[in-house]
Amino acid sequence: MTTVAAVQHTAHALHHDDRSFIRKYIFSTDHKIIGIQFLFMSLLFLIIGGLLAMLIRWQLGWPGQPLPGGAALGETRMPGGVMLPEFYNSLVTMHGTLMIFFAIMPLLVGVFANYLIPLQVGAPDMAFPRLNMLSFWTAVPAGLLMVAGFFVAGGHAGAGWTSYPPLSAVPEYSGVYNGQVFWTLSIIILGFSSLMGSVNYITTVINMRAPGMTWFRLPLPTWALFITSILILLAIPILTGALILLLFDQVLGTGFYLPERGGQPLLWQHLFWFFGHPEVYILILPAFGFVSEIISNGARKPLFGYHAMVIAIASIAFLGWIVWGHHMFQSGMNPMLGATFMSTTMVIAIPTAVKVFNWLGTLWRGDIHFHAPMLYAIGFVAMFVIGGFSGVFLASTPVDIFLHDTYFVVAHIHYVLFGGSLFAIFGAITYWFPKMFGRMMNETVGKIHFALTFIFFNLTFFPMHQLGDAGMMRRIYDYTGYAHLAGLRPLNEFISVSAYLLFATQLLFAGNFLWSLLRGKKAEPNPWRANSLEWAAPSPPPHGNFAETPTVYRGPYEYSAPDADEDYLPQDRPPVQRPAPAPEPIPAGG
Amino acid sequence: MQWGFPENVSTFGGEIDSIFALILYVTAAMFVIVEVALIYFLIRYRHREGAKAEYIHGHRRAEVIWTVVPFLLLALLAFRSTKTWLGLKSPDRFPRDALELRIHAKQFEWNVTYPGPDGRLDTPDDFVRRNQLHLPVDRAVRVTMTSEDVIHSFFLPQFRVKQDVVPGMETQVWFQATRTGEFVLGCAELCGLGHYHMRGSVTVHTAEDFERWQRQEAAASS
């Protein structure tokens, strides 16, 4: 029934596109436009988040030195160019907040779940296109509110992206007044946007798959985004609930998290991390999907262990719910709980390892083409491994006693979210750019950007493991007063210089993106000779996507099949009716 | 610049460092295997004219092996870690006859309450010192901590000790110094504008020196 309706919808939509400019590009219900709107918004936040990190690195590389031109940021932030501790705390808080909630999460989910899911399942649009539009237009005020927080008296939120009360709840403790409230409200509103998106993604995958698109013929990005959407649907309400209580503590004088009013600070931590650990997987599972897609395409070889890959994603998603306590080993939580959470955390490393081995298995005996998206995907595997291994140190409760809240954790999260997620995002943008905009990104610039980012990323973040080993606490404005840290000046300076080069390298990507948007080489419908359904549609696909609802005959990773003429076999290509083999001649005398 | 961890001066610090080393060896070996395989495959199976990838969808036995081997390694690490962890953090397993101290943290200072010469807390000869932690060498110290305002985290890098101090709760740690000297006390949890300078000094005395210091300070305070 769904299929019939979809066919009619498609035929109608392709008939004639007479929507006004506003309906087409601004208040659009087309999943592709909404995905692209999320893309521009989250790339903007990625730049802002990066700039905040550059300011942080100034203070850490050259503590207390005036930043040339820094005085322009104002007396309340950098008087005479010298950073104030309150501004530093806001920078740390907002770098984490913007990158996690407004850059990486929407880049992975808002952009690609929107853009890819209907195309990969062979549907004309999302199940609820208007809800989808509302999802984007709910994220916009959340973003504006978050940016507005920078300009209120008292400065922006300064209690860390984890916003632990009582610091985040009581202005007298943090010195931050309205900024903290802006932060809380913005994240609450953003949560509604994520929820509206996730119900849409889930419904679309369940109900709108084209004929023949069985569950185990879904491409890995769609699988990963589907499972991620379930995590979002279940995790965000917990955060929203916790945030509403925090908001009450901040503005109504309640005391849910404040002991002097009968509350419990650890309640926030349990609620926050009960959301927060699934959130960590929300930030990496889609990346697993993109990388699987790109590696199989680059290696011209079926994805190794497709079923194992799907099961691994599902197991990580499930186990992600029972590991939150590993953020709280030193919080004063019962140490028996610490031992339990350590065991579950160690277990979650297993499906993660399975994924890495399956990527290697895909490369094994492949025919590897090093196109730019492939380089980003390989870079992802090489560096995500480091982020995974550093997680094992932190999972071990006794070792965590020393490493908790040090730069080792900062190194770990950046290997996962930058070396991991962001590399996958670079790869995914480059890979699907021709589909989105009908033009190719420049390959050579992409390869140079990859190489320089790979080098400067490692020079920036690998030494942070050593800062952590030396005992340097995170979120610390000035470490030079500590006897055991004073010697870390040169290493911090080195990291800061590397970070500036890393940031400068990103201009290549931005330039390539903008230039290719206007002047890039025209793309064919299927420039990567790939199998999944989005490549069966024109580049860019029209409103309604497919001229005719495609029929699916096989899985998405049929590369180098022996009976195919080319080294790929699209999901919607009807099987060739080969003549039946001639009957064996009957041996004489038989 | 010194590489690796700061010098260890607590009785159990060596155990923590050895678990760190164990994990380092295991993960370094796995890291080398993965990265070498990755680089080898990239070179060996790079595209050549006329080449075709092998049409392989997976390998059941390989999947089982690379699920079971990490499981065994991680089970070993979890088992090794649990033993040490409970010994360090379960108050019912803390050493007896420890020197009892109390710390009250507030923005941005550590207030340490010491027993006077009678060796007991909550007697009139108790005294308080701000941002100065004094203790005797070779004797277990047990600290009960409370916070006035926000969450702080009691961090002694050279002792491998870290424990959050939470308002409305009492948290406890123990440690035992193996040598005399001056060490660092820092705050590891973002606690506000002055978080970065919420530090104190740790002085480890010989038993006799500590007693002398204790008598002297108690007298000065009374």
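**The contact between the chains**

Chain B puts 75 residues into the contact and chain A puts in 83, two residues being in contact if their C-beta atoms, placed from the backbone, lie within 7 Å. The model is predicted, and local features need pLDDT of at least 70, side-chain atom pairs count only at pLDDT 80 or more, and totals for chains, interfaces and linings use all residues. Residues are numbered from 1 along each chain as its sequence is written, while chains are lettered from A and ligands numbered from 1 in the order in which they are written.

On the side of chain B that touches chain A, the elements giving two or more residues are α1 (13-44), α2 (60-89), β6 (152-156), β7 (161-165) and β9 (181-187) of chain B. Helices (H or I, at least four residues) and strands (E, at least two) are DSSP runs, numbered from the N terminus. The most comes from α2(B), with 16 residues. By class, this side of chain B has 43 nonpolar, 20 polar and 12 charged residues (nonpolar: Ala, Val, Leu, Ile, Met, Phe, Trp, Tyr, Cys and Pro; charged: Asp, Glu, Lys and Arg; polar: the others, Gly among them).

Ala188(B) can be followed in detail. This residue sits in the loop that links β9 to β10 (200-205) of chain B. Ala188(B) counts as buried because 24 C-beta neighbours lie inside 10 Å (buried: 20 or more other C-beta atoms within 10 Å; exposed: 12 or fewer; partly exposed: in between; C-beta atoms placed from the backbone). Neighbours within four places in sequence aside, Ala188(B) is in contact with Asp405(A) and Met473(A), and also with Ser153(B), Phe155(B) and Lys162(B). Between Ala188(B) and Ile151(B) there are 9.8 Å in space, C-alpha to C-alpha, and 37 residues in sequence.

Chain B also holds an open sheet of five strands with mixed pairing, in the order β3-β2-β1-β5-β8 (two strands pair if DSSP finds at least two bridges between them). Its edge strands, β3 (127-130) and β8 (171-176) of chain B, each pair on one side only. Direction ignored, neighbouring strands of the sheet are turned by 25° against each other on average. Strand β5 (residues 140-147) of chain B runs antiparallel to β8(B), and six bridges join them. Val143(B) stands opposite Val173(B) of β8(B), and Ala140(B) has Gln176(B) of β8(B) as its bridge partner. Five of the six residues of β8(B) are buried, so that strand is mostly covered.

Within chain A, helix α3 (residues 31-61) packs on helix α4 (residues 85-121) at about 155°, with axes 7 Å apart. α3(A) is therefore roughly antiparallel to α4(A) (under 35 degrees: roughly parallel; over 145: roughly antiparallel; 65 to 115: roughly perpendicular; the rest: oblique). Axes are lines fitted to C-alpha atoms, for helices over the stretch in contact, and angles run from 0 to 180 degrees between N-to-C directions. The crossing of α3(A) with α4(A) is left-handed, that is, the near helix is turned anticlockwise from the far one by less than a right angle, clockwise being right-handed. Their contact has 24 nonpolar, eight polar and one charged residues.

Helices α10 (residues 285-299) and α13 (residues 372-395) of chain A pack at about 125°, their axes 9 Å apart, which means that α10(A) is oblique to α13(A). This crossing is left-handed. Among the contributors are Val291(A) and Ile294(A) of α10(A), and Ala377(A) and Phe380(A) of α13(A). The contact of α10(A) with α13(A) has nine nonpolar, one polar and no charged residues.
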